[in-house]
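Please examine the sequence and the three-dimensional structure shown below. The paragraphs that follow lead through the chain step by step.

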Amino acid sequence: MEVSNYKDVIKIPNGSWAVVAKYCDHKQPEYNLNPLSRALPLKLSIQDFIKNVKTLPIFDEREKEWGNYDRFDCIERLSRYFDPESKTIELYYKIWTVIASGYLGRNPIRPEYAQRAIQLYTALSSKGGKYIENFVKAPLSAPSITLFAPSGVGKTANRTSILELFPQIIAHPELGGDYYQIVWLCIDSPITSLKGFCSDIFMGFDRLLGSNYFDRHVSRNKSVDDMLAQVAILAHKHHLGVLVVEEMQAFFKLKNDRDEAIKFLTKLDNTLGVPLIRIGTDEMSGLFKDTFVSARRATGTAVIMWDRIINAKEWEFFFEGMWQYQWTRTFTPCSDELMSLFYEITQGIHDIAIKLYKMVQWRAISLGGDEVISIDLIRQAASESLVLVEPMLKYIREHPDKDDWKLKYSNIQLETAEYRIRCLEKLEIAELEALRLQNQMWAKKVSYSSPKVRQVIVALVQDLGVAPSVAKQSAEKAVAADEGSADLASLVSKAYIIALQTEQAVEEASSIEEAKKKVKEKKLNPTYAEDDLRLIADNAKKNNVKVYDALIESGSILDNPLKILY
């Protein structure tokens, strides 16, 4: 859960962030008697759960106008697309219940809690924890979950989205001192040995708490039993809510004796006292039969089996949600034909469907043009990019009622990086070809724009009777408009056409100017009345006589108006 959802947070020195406990009253009264379960967030409604975990890619229509390389990066956002399904909701409620009920028998304010700590330390001091199950006389009820799912159906995405709804570390100042509750710890690194598994748990605690448990408890001299006892002590000390182990099938492939792995997992179930979530492919079913049966009877392990999308409505919901995120220039609407084709190719496997959609868009962009996603384009991208997984997909198509493909093809992974590079290379080749053609055209244009060629063109046009100024102007326009494919004779013809159009325009302009001049001249030679003052003034100017004297002489004005008064 985001730290911002809590009012107060604490930075653990050399470790992570812890939220300060916010105690809630749950609907189930049994969860309200323990400060550890009261500190858990309230169980969400289905609507609130979907709202909190739904992750949609950032998308803006204007991004479609971006350059090719930027759009390639935008398409990568599809990897983060997550829209919860019904199985996601079911898993959330199971995990919430497992964590909350796991604290029922581990109340830090009850004497039984201290008693268990004494039992664990006593077991460790006696033969290095080898017989720890004999010392822990009060085993705690620790319900667990085992999730079987083939690769590509969203195990990790679902697990991550759900666990992030819980704060990973809760600080309890009211309980005194540095009192930290680790709600969940996930081990998702490859399991290479039993000691390595315990080491990963120590490092997980160190990463969160800034501690040095790895340095203190990991060495060649430490036995697996000793390290497992230390894990149990730390899980108890730091109030671990649930331990999540991914890729559980890796235990089946350990170099050590398989019986040792089975003993280890049995002891882990019996002594840890903390709920476990085991996640893996169907390969771990063998281990489950040998190891977890007794644990399931004692603690109520929930077994969940996930598969590819088979239900038509679920596929429609998933496909339509994904399809709306297109960064191609032309948007291709979703259709039943496209939906059916994608299912035929990917067989309802989430990971393959999303990755194929990414690669289809890359391919469309690399081809250029309108970038329309067509049936042929999808088939082409699939044939080019799904080579590694096609044997599995073909087997599923041919045996739709069989589940053995989960074991037969459990380790096949589809990568998109290589196909992206190939599309980028095709894009670069196309752009280089266009640039090369442009350079060739420019080179021709430069050669035709040379003074010698222009002079030849101008001279040829002039030989056809075009005025020199019009000829030069026409030649320059013909060369500038050419894309580099025309020869000299063609350029001359184009220049001559431009010249004729120019001369016609000049003649029309001259006619207009002449007409304007005649109108102006007509306006400048008006007809006056005989005694018009303007006529007298005009004649005076022509005879170099002062206008004033002419007006006096004509009797229009008096030389000295005062004579009338005297």
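Cys24 counts as buried, because its relative accessibility is 14% and the limit for a buried residue is under 20%. Cys334, at 32% relative accessibility, counts as partly exposed. A search of the whole structure finds 0 disulfides. The model examined here is a predicted one.

Of its 566 residues, 44% count as buried. Among the contacts in the chain with a separation of 6 or more, 72% are between residues 24 or more positions apart.

In soluble globular proteins, nonpolar side chains tend to be buried together. In this model, the largest nonpolar core has 47 residues, and those with the most contacts inside it are Met322, Phe342, Ile378, Leu386 and Met392. Two or more residues of this core come from each of helix 3 (68-75), helix 13 (312-323), helix 14 (336-346), helix 15 (350-367), helix 16 (375-385), helix 17 (390-398) and helix 19 (417-448). Helix 15 gives the largest share, 10 residues. A second, separate core has 44 residues, including Ala171, Ile233, Leu265 and Val274.

Which residues does Met392 touch, not counting residues up to four places away in sequence? They are Ile349, Ile352, Trp405, Tyr409 and Ile412.

The packing of one pair of helices can be followed in detail. Two packed helices are described by the angle between their axes and the distance between the axes. The axes of helix 2 (residues 46-53) and helix 4 (residues 86-102) come within 11 Å and cross at roughly 105 degrees. Helix 2 is therefore roughly perpendicular to helix 4, a description that applies to angles of 65 to 115 degrees. On the side of helix 2, the contact is made by Ile46, Phe49 and Ile50, and on the side of helix 4 by Thr88, Ile89, Tyr92 and Tyr93. Sorted by class, this contact has 6 nonpolar residues, 1 polar residue and no charged residues.

Arg106 is found in the loop between helix 4 and helix 5 (111-125). Is Arg106 buried or exposed? Its relative accessible area is 2%, so Arg106 is buried. Arg106 and Gly273 are 167 residues apart in sequence, yet their C-alpha atoms are 8.9 Å apart in space.

Gln230 has its place in helix 10 (residues 224-237) and is buried, with a relative accessible area of 11%. Apart from neighbours within four places in sequence, Gln230 is in contact with Leu124, Phe202 and His217. Thr416 is found in the loop between helix 18 (405-408) and helix 19. With a relative accessible area of 9%, Thr416 is also buried. Not counting residues up to four places away in sequence, Thr416 touches Lys355, Lys358, Met359 and Trp362.

Gln324 leads back to Cys334. Gln324 lies in the loop between helix 13 and helix 14, and at 43% relative accessibility it counts as partly exposed. The C-alpha atoms of Gln324 and Cys334 are separated by 7.8 Å, and the two residues are 10 apart along the chain. Leaving aside neighbours within four places in sequence, Gln324 is in contact with Phe59, Phe331 and Tyr357.

Finally, the backbone deserves attention. Most residues other than glycine have a negative phi, and most peptide bonds are trans. Against this background, two residues may be noted. The phi of Glu247 is near 50 degrees, a positive value in a residue other than glycine. Glu247 is placed in the loop between strand 7 (242-245) and helix 11 (258-271), and at 34% relative accessibility it counts as partly exposed. Glu371 likewise has a positive phi, about 60 degrees, although it is not a glycine. Glu371 lies in the loop between helix 15 and helix 16. Glu371 is buried, with a relative accessible area of 5%.

Conventions
Residues are numbered from 1 along each chain as its sequence is written. This is a predicted model: local features need pLDDT of at least 70, side-chain atom pairs count only at pLDDT 80 or more; totals for chains, interfaces and linings use all residues. Side-chain values use heavy atoms; hydrogens and water are left out. A nonpolar core is a set of buried Ala, Val, Leu, Ile, Met, Phe, Trp, Tyr and Cys residues joined through side-chain atoms within 4.5 Å. Buried means under 20% relative accessible area, exposed over 50%, partly exposed in between (1.4 Å probe, protein chains only). Helices (H or I, at least four residues) and strands (E, at least two) are DSSP runs, numbered from the N terminus. Contact means heavy atoms within 4.5 Å. Axes are lines fitted to C-alpha atoms, for helices over the stretch in contact, and angles run from 0 to 180 degrees between N-to-C directions. Angles under 35 degrees count as roughly parallel, over 145 as roughly antiparallel, 65 to 115 as roughly perpendicular and the rest as oblique. Ala, Val, Leu, Ile, Met, Phe, Trp, Tyr, Cys and Pro count as nonpolar, Asp, Glu, Lys and Arg as charged, and the others, Gly among them, as polar. A disulfide is a pair of cysteine sulfur atoms within 2.5 Å.
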